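Q: I have a structure to get through before class. Can we go over it in short questions?

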Amino acid sequence: MQTVSDIKRPASRSSSGASMGWVAPAKVIVFIAALYPLARIVLLGVTNGLGANPIEFITRSTGLWTLVYLCITLAITPARRLTGVNALLRFRRMLGLYAFFFAALHFTTYLWFDKWFSVTEILKDIGKRPFITVGFAAFLLLIPLAVTSPKAMVKKLGRRWQTLHKAIYLIATLAILHFWWMKAGKHDLILPKIYGAIVVVLLGWRLLVWLKGRYARPRA
Ligand code: HEM
(Lines give C-alpha, C1' and ligand atoms only; values in the text may rest on other atoms or scores of the structure.)
Protein backbone atom coordinates (compact mmCIF):
# COMPACT_ATOMS: atom_id res chain seq x y z
CA MET A 1 0.00 0.00 0.00
CA GLN A 2 1.96 2.99 -1.26
CA THR A 3 1.33 6.32 -2.96
CA VAL A 4 1.65 7.33 -6.60
CA SER A 5 4.63 9.53 -5.73
CA ASP A 6 6.38 6.59 -4.03
CA ILE A 7 6.19 4.65 -7.25
CA LYS A 8 7.57 7.48 -9.35
CA ARG A 9 10.58 7.79 -7.01
CA PRO A 10 13.69 6.04 -8.42
CA ALA A 11 14.39 2.66 -6.79
CA SER A 12 18.07 3.01 -5.98
CA ARG A 13 18.27 6.54 -4.53
CA SER A 14 16.33 8.36 -1.83
CA SER A 15 15.11 11.93 -2.42
CA SER A 16 18.13 13.13 -0.40
CA GLY A 17 20.44 11.27 -2.78
CA ALA A 18 21.62 8.69 -0.20
CA SER A 19 22.14 5.12 -1.42
CA MET A 20 19.14 2.82 -0.93
CA GLY A 21 20.97 -0.42 -1.64
CA TRP A 22 20.00 -1.68 1.82
CA VAL A 23 16.27 -1.60 1.03
CA ALA A 24 16.05 -4.85 -0.98
CA PRO A 25 17.81 -7.07 1.63
CA ALA A 26 15.89 -5.30 4.44
CA LYS A 27 12.63 -6.09 2.63
CA VAL A 28 13.53 -9.78 2.50
CA ILE A 29 14.32 -9.73 6.24
CA VAL A 30 11.05 -7.92 7.06
CA PHE A 31 9.10 -10.32 4.83
CA ILE A 32 10.50 -13.34 6.70
CA ALA A 33 10.21 -11.74 10.15
CA ALA A 34 6.57 -10.80 9.49
CA LEU A 35 5.75 -14.48 9.09
CA TYR A 36 6.62 -15.03 12.77
CA PRO A 37 2.98 -15.10 14.01
CA LEU A 38 2.10 -17.80 11.48
CA ALA A 39 5.26 -19.81 12.24
CA ARG A 40 4.41 -19.59 15.97
CA ILE A 41 0.91 -20.96 15.42
CA VAL A 42 2.23 -23.80 13.23
CA LEU A 43 4.99 -24.65 15.73
CA LEU A 44 2.62 -24.61 18.70
CA GLY A 45 0.14 -26.62 16.64
CA VAL A 46 2.57 -29.45 15.90
CA THR A 47 3.85 -29.51 19.49
CA ASN A 48 0.37 -29.54 21.08
CA GLY A 49 0.98 -26.08 22.52
CA LEU A 50 -2.21 -24.29 21.43
CA GLY A 51 -3.91 -24.87 24.80
CA ALA A 52 -7.29 -26.33 25.67
CA ASN A 53 -9.07 -24.37 22.93
CA PRO A 54 -6.86 -24.24 19.81
CA ILE A 55 -9.53 -22.53 17.66
CA GLU A 56 -9.90 -19.70 20.17
CA PHE A 57 -6.11 -19.41 20.36
CA ILE A 58 -5.76 -19.15 16.56
CA THR A 59 -8.71 -16.72 16.22
CA ARG A 60 -7.33 -14.44 18.90
CA SER A 61 -3.74 -14.61 17.74
CA THR A 62 -4.55 -13.86 14.08
CA GLY A 63 -6.96 -11.07 15.16
CA LEU A 64 -4.34 -9.41 17.32
CA TRP A 65 -1.65 -9.65 14.63
CA THR A 66 -4.01 -8.14 12.06
CA LEU A 67 -4.33 -5.15 14.37
CA VAL A 68 -0.56 -5.00 14.93
CA TYR A 69 0.13 -4.93 11.17
CA LEU A 70 -2.59 -2.32 10.65
CA CYS A 71 -0.93 -0.11 13.29
CA ILE A 72 2.55 -0.61 11.80
CA THR A 73 1.24 0.24 8.32
CA LEU A 74 -0.38 3.41 9.68
CA ALA A 75 2.83 4.33 11.54
CA ILE A 76 5.04 4.27 8.44
CA THR A 77 4.18 7.74 7.13
CA PRO A 78 4.63 9.48 10.52
CA ALA A 79 7.89 7.54 11.05
CA ARG A 80 9.11 8.64 7.63
CA ARG A 81 8.26 12.27 8.38
CA LEU A 82 9.92 12.17 11.79
CA THR A 83 13.10 10.37 10.66
CA GLY A 84 13.39 11.69 7.09
CA VAL A 85 14.02 8.10 5.89
CA ASN A 86 11.92 8.02 2.72
CA ALA A 87 12.77 4.37 2.11
CA LEU A 88 10.40 3.42 4.94
CA LEU A 89 7.57 3.92 2.43
CA ARG A 90 8.88 0.94 0.49
CA PHE A 91 7.81 -1.36 3.32
CA ARG A 92 4.27 -0.07 3.59
CA ARG A 93 2.63 -2.14 0.87
CA MET A 94 4.13 -5.39 2.18
CA LEU A 95 3.04 -4.68 5.75
CA GLY A 96 -0.43 -3.64 4.64
CA LEU A 97 -0.72 -6.91 2.75
CA TYR A 98 0.37 -8.78 5.86
CA ALA A 99 -2.49 -7.09 7.73
CA PHE A 100 -4.85 -8.41 5.05
CA PHE A 101 -3.23 -11.86 5.12
CA PHE A 102 -3.74 -12.23 8.88
CA ALA A 103 -7.27 -10.80 8.64
CA ALA A 104 -8.02 -13.47 6.00
CA LEU A 105 -6.61 -16.20 8.28
CA HIS A 106 -8.63 -14.77 11.20
CA PHE A 107 -11.85 -14.74 9.18
CA THR A 108 -11.16 -18.19 7.69
CA THR A 109 -10.69 -19.68 11.18
CA TYR A 110 -14.06 -18.22 12.20
CA LEU A 111 -15.76 -19.25 8.94
CA TRP A 112 -14.38 -22.77 8.98
CA PHE A 113 -13.98 -23.93 12.57
CA ASP A 114 -16.54 -21.73 14.32
CA LYS A 115 -19.33 -21.61 11.75
CA TRP A 116 -18.49 -24.60 9.53
CA PHE A 117 -19.11 -22.53 6.37
CA SER A 118 -22.76 -21.96 7.31
CA VAL A 119 -23.71 -18.69 5.60
CA THR A 120 -26.99 -18.47 7.55
CA GLU A 121 -25.15 -18.87 10.87
CA ILE A 122 -22.66 -16.17 9.87
CA LEU A 123 -25.39 -13.75 8.75
CA LYS A 124 -27.23 -14.38 12.01
CA ASP A 125 -24.03 -13.67 13.96
CA ILE A 126 -23.35 -10.47 11.98
CA GLY A 127 -26.87 -9.26 12.78
CA LYS A 128 -26.76 -10.30 16.43
CA ARG A 129 -23.29 -9.50 17.74
CA PRO A 130 -22.09 -5.91 17.10
CA PHE A 131 -18.42 -6.86 17.49
CA ILE A 132 -18.80 -9.33 14.62
CA THR A 133 -20.66 -6.72 12.52
CA VAL A 134 -17.83 -4.18 12.76
CA GLY A 135 -15.10 -6.82 12.36
CA PHE A 136 -16.78 -8.04 9.21
CA ALA A 137 -17.10 -4.48 7.88
CA ALA A 138 -13.38 -3.91 8.53
CA PHE A 139 -12.49 -7.11 6.68
CA LEU A 140 -14.72 -6.26 3.69
CA LEU A 141 -13.10 -2.81 3.47
CA LEU A 142 -9.63 -4.35 3.49
CA ILE A 143 -10.37 -6.43 0.37
CA PRO A 144 -10.38 -3.54 -2.20
CA LEU A 145 -7.21 -2.15 -0.62
CA ALA A 146 -5.43 -5.48 -1.03
CA VAL A 147 -6.73 -5.94 -4.58
CA THR A 148 -5.55 -2.48 -5.63
CA SER A 149 -2.16 -2.71 -3.94
CA PRO A 150 -0.08 -3.82 -7.00
CA LYS A 151 1.99 -1.04 -8.53
CA ALA A 152 0.07 -1.31 -11.81
CA MET A 153 -3.18 -0.55 -9.97
CA VAL A 154 -1.62 2.44 -8.18
CA LYS A 155 -0.66 3.89 -11.56
CA LYS A 156 -3.97 3.02 -13.19
CA LEU A 157 -6.15 4.53 -10.47
CA GLY A 158 -4.01 7.64 -9.86
CA ARG A 159 -5.71 10.07 -7.44
CA ARG A 160 -8.65 7.68 -6.99
CA TRP A 161 -6.20 5.16 -5.50
CA GLN A 162 -5.25 7.62 -2.78
CA THR A 163 -8.89 8.36 -2.01
CA LEU A 164 -9.70 4.64 -1.84
CA HIS A 165 -6.77 3.90 0.44
CA LYS A 166 -7.95 6.50 2.94
CA ALA A 167 -10.33 3.70 4.00
CA ILE A 168 -7.42 2.43 6.12
CA TYR A 169 -8.39 5.03 8.77
CA LEU A 170 -11.94 3.71 8.92
CA ILE A 171 -10.66 0.12 8.97
CA ALA A 172 -8.38 0.86 11.93
CA THR A 173 -11.27 2.54 13.79
CA LEU A 174 -13.59 -0.42 13.12
CA ALA A 175 -10.87 -2.84 14.21
CA ILE A 176 -10.55 -1.03 17.56
CA LEU A 177 -14.34 -1.05 17.99
CA HIS A 178 -14.38 -4.78 17.22
CA PHE A 179 -11.66 -5.46 19.79
CA TRP A 180 -13.21 -3.13 22.38
CA TRP A 181 -16.73 -4.59 22.05
CA MET A 182 -15.43 -8.14 22.22
CA LYS A 183 -13.38 -7.48 25.36
CA ALA A 184 -15.98 -5.23 27.02
CA GLY A 185 -18.18 -8.30 27.47
CA LYS A 186 -15.30 -9.92 29.32
CA HIS A 187 -14.43 -6.83 31.39
CA ASP A 188 -10.88 -6.92 30.08
CA LEU A 189 -10.22 -3.61 28.35
CA ILE A 190 -6.49 -3.16 28.95
CA LEU A 191 -5.30 -4.19 25.46
CA PRO A 192 -8.16 -2.47 23.58
CA LYS A 193 -7.29 0.75 25.48
CA ILE A 194 -3.59 0.45 24.55
CA TYR A 195 -4.31 -0.24 20.87
CA GLY A 196 -7.07 2.38 20.88
CA ALA A 197 -4.57 4.96 22.16
CA ILE A 198 -2.06 3.98 19.45
CA VAL A 199 -4.70 4.36 16.72
CA VAL A 200 -5.91 7.69 18.16
CA VAL A 201 -2.33 9.03 18.13
CA LEU A 202 -1.70 7.81 14.56
CA LEU A 203 -4.99 9.17 13.21
CA GLY A 204 -4.62 12.36 15.27
CA TRP A 205 -1.22 12.95 13.71
CA ARG A 206 -2.72 12.63 10.22
CA LEU A 207 -5.48 15.04 11.13
CA LEU A 208 -2.97 17.60 12.41
CA VAL A 209 -0.89 17.33 9.22
CA TRP A 210 -4.04 17.73 7.14
CA LEU A 211 -5.23 20.75 9.15
CA LYS A 212 -1.78 22.31 8.94
CA GLY A 213 -1.73 21.84 5.15
CA ARG A 214 -5.20 23.28 4.79
CA TYR A 215 -4.83 26.36 6.96
CA ALA A 216 -1.18 27.14 6.26
CA ARG A 217 -1.96 27.68 2.55
CA PRO A 218 -1.42 31.33 1.57
CA ARG A 219 -4.65 33.19 0.90
CA ALA A 220 -5.32 34.18 -2.71
C1 HEM B 1 -9.66 -6.03 10.10
C2 HEM B 1 -10.39 -7.01 10.58
C3 HEM B 1 -10.28 -7.58 11.97
C4 HEM B 1 -9.43 -7.28 13.01
C5 HEM B 1 -8.31 -6.24 13.06
C6 HEM B 1 -9.77 -8.15 14.11
C7 HEM B 1 -9.13 -8.15 15.33
C8 HEM B 1 -9.48 -8.97 16.40
C9 HEM B 1 -8.85 -8.92 17.68
C10 HEM B 1 -7.74 -7.97 18.09
C11 HEM B 1 -9.43 -9.89 18.45
C12 HEM B 1 -9.15 -10.20 19.92
C13 HEM B 1 -7.87 -10.95 20.11
C14 HEM B 1 -7.59 -11.21 21.57
O15 HEM B 1 -8.47 -11.68 22.30
O16 HEM B 1 -6.48 -10.91 22.01
C17 HEM B 1 -10.44 -10.53 17.64
C18 HEM B 1 -11.23 -11.57 18.08
C19 HEM B 1 -12.21 -12.14 17.32
N20 HEM B 1 -12.59 -11.76 16.06
FE21 HEM B 1 -11.71 -10.37 14.90
N22 HEM B 1 -10.82 -8.95 13.74
C23 HEM B 1 -11.16 -8.62 12.44
C24 HEM B 1 -12.16 -9.19 11.69
C25 HEM B 1 -12.98 -10.20 12.12
C26 HEM B 1 -14.00 -10.82 11.33
C27 HEM B 1 -14.30 -10.50 9.86
C28 HEM B 1 -14.59 -11.76 12.11
C29 HEM B 1 -15.73 -12.68 11.77
C30 HEM B 1 -16.71 -12.35 10.99
C31 HEM B 1 -13.95 -11.74 13.39
C32 HEM B 1 -14.27 -12.55 14.46
C33 HEM B 1 -13.62 -12.59 15.66
C34 HEM B 1 -13.91 -13.56 16.71
C35 HEM B 1 -14.96 -14.66 16.67
C36 HEM B 1 -13.01 -13.28 17.75
C37 HEM B 1 -12.82 -14.05 19.04
C38 HEM B 1 -13.90 -13.77 20.03
C39 HEM B 1 -13.68 -14.55 21.32
O40 HEM B 1 -12.64 -15.18 21.52
O41 HEM B 1 -14.59 -14.49 22.13
N42 HEM B 1 -12.98 -10.76 13.37
N43 HEM B 1 -10.43 -9.95 16.41
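Predicted model: local features only at pLDDT ≥ 70, side-chain atom pairs only at ≥ 80, totals over all residues.

Q: OK. What follows α5?

A: W116 follows α5, and the phi of W116 is positive, near 50°.

Q: How far apart are the end C-alpha atoms of α5, and what should the helix span?

A: The ends are 32 Å apart. With 23 residues at 1.5 Å a residue, α5 should span 33 Å, so the two values agree.

Q: Which residues of α5 are buried?

A: The buried ones are R92, M94, L95, G96, Y98, A99, F102, A103, H106, T109, Y110 and L111.

Q: F102 is in there. How buried is F102?

A: F102 has a relative accessible area of 0%. Buried means under 20%, so F102 counts as buried.

Q: And F101, what is its relative accessible area?

A: For F101 the value is 33%. That lies between 20% and 50%, so F101 is partly exposed.

Q: What kind of aromatic pair do F101 and F102 form?

A: An edge-to-face one, with 5.2 Å centre to centre and 75° between the planes.

Q: Why those two numbers?

A: Because a pair of aromatic rings is described by the distance of the centres and the angle of the planes.

Q: How many aromatic pairs does the structure hold?

A: There are 17 aromatic pairs. F101 and F102 also belong to one aromatic cluster, together with F31, Y36, W65, Y69 and Y98.

Q: How many of the lining residues are nonpolar, polar and charged?

A: The lining has 18 nonpolar, 7 polar and 7 charged residues.

Q: Let's do α10. Which of its residues are buried?

A: A167, I168, I171, A172, L174, A175, I176, H178, F179, M182 and K183 are the buried residues of α10. H178 is also one of the residues closest to the centre of the second largest pocket.

Q: What covers the buried residues of α10?

A: The cover includes α4, α5, α7, α9 (159-165) and α11 (190-215).

Q: What should α10 span?

A: It has 18 residues, so at 1.5 Å a residue it should span 26 Å. Its end C-alpha atoms are 25 Å apart, which agrees.

Q: A184 is not in your buried list for α10. What is its relative accessible area?

A: A184 lies in α10, but it has a relative accessible area of 29%, so it is partly exposed.

Q: How many residues in sequence lie between A184 and V42, and how far apart are they in space?

A: They are 142 residues apart in sequence and 29 Å apart in space, C-alpha to C-alpha.

Q: Last one, D125. Is D125 buried or exposed?

A: D125 is in helix α6 (residues 119-128). At 4% relative accessibility, it counts as buried because that is under 20%.

Q: What does D125 touch?

A: Leaving out residues up to four places away in sequence, D125 touches Y110, K115 and I132. Y110 is one of the buried residues of α5.

How values were computed: Residues numbered from 1 in each chain as written. Heavy atoms only, no water. 1 Å grid on protein atoms, 1.4 Å probe; cavity = no way out; pocket = protein on both sides within 12 Å on 5 of 7 lines; lining within 4 Å. Nonpolar A, V, L, I, M, F, W, Y, C, P; charged D, E, K, R; others polar. Helix = DSSP H or I, 4+ residues; strand = E, 2+ residues; numbered from the N terminus. Buried < 20%, exposed > 50% of the residue type's maximum accessible area, 1.4 Å probe, protein only. Contact = heavy atoms within 4.5 Å. Phe/Tyr/Trp six-rings, centres within 6.5 Å; stacked < 30°, edge-to-face > 60°. Expected span 1.5 Å × (residues − 1).
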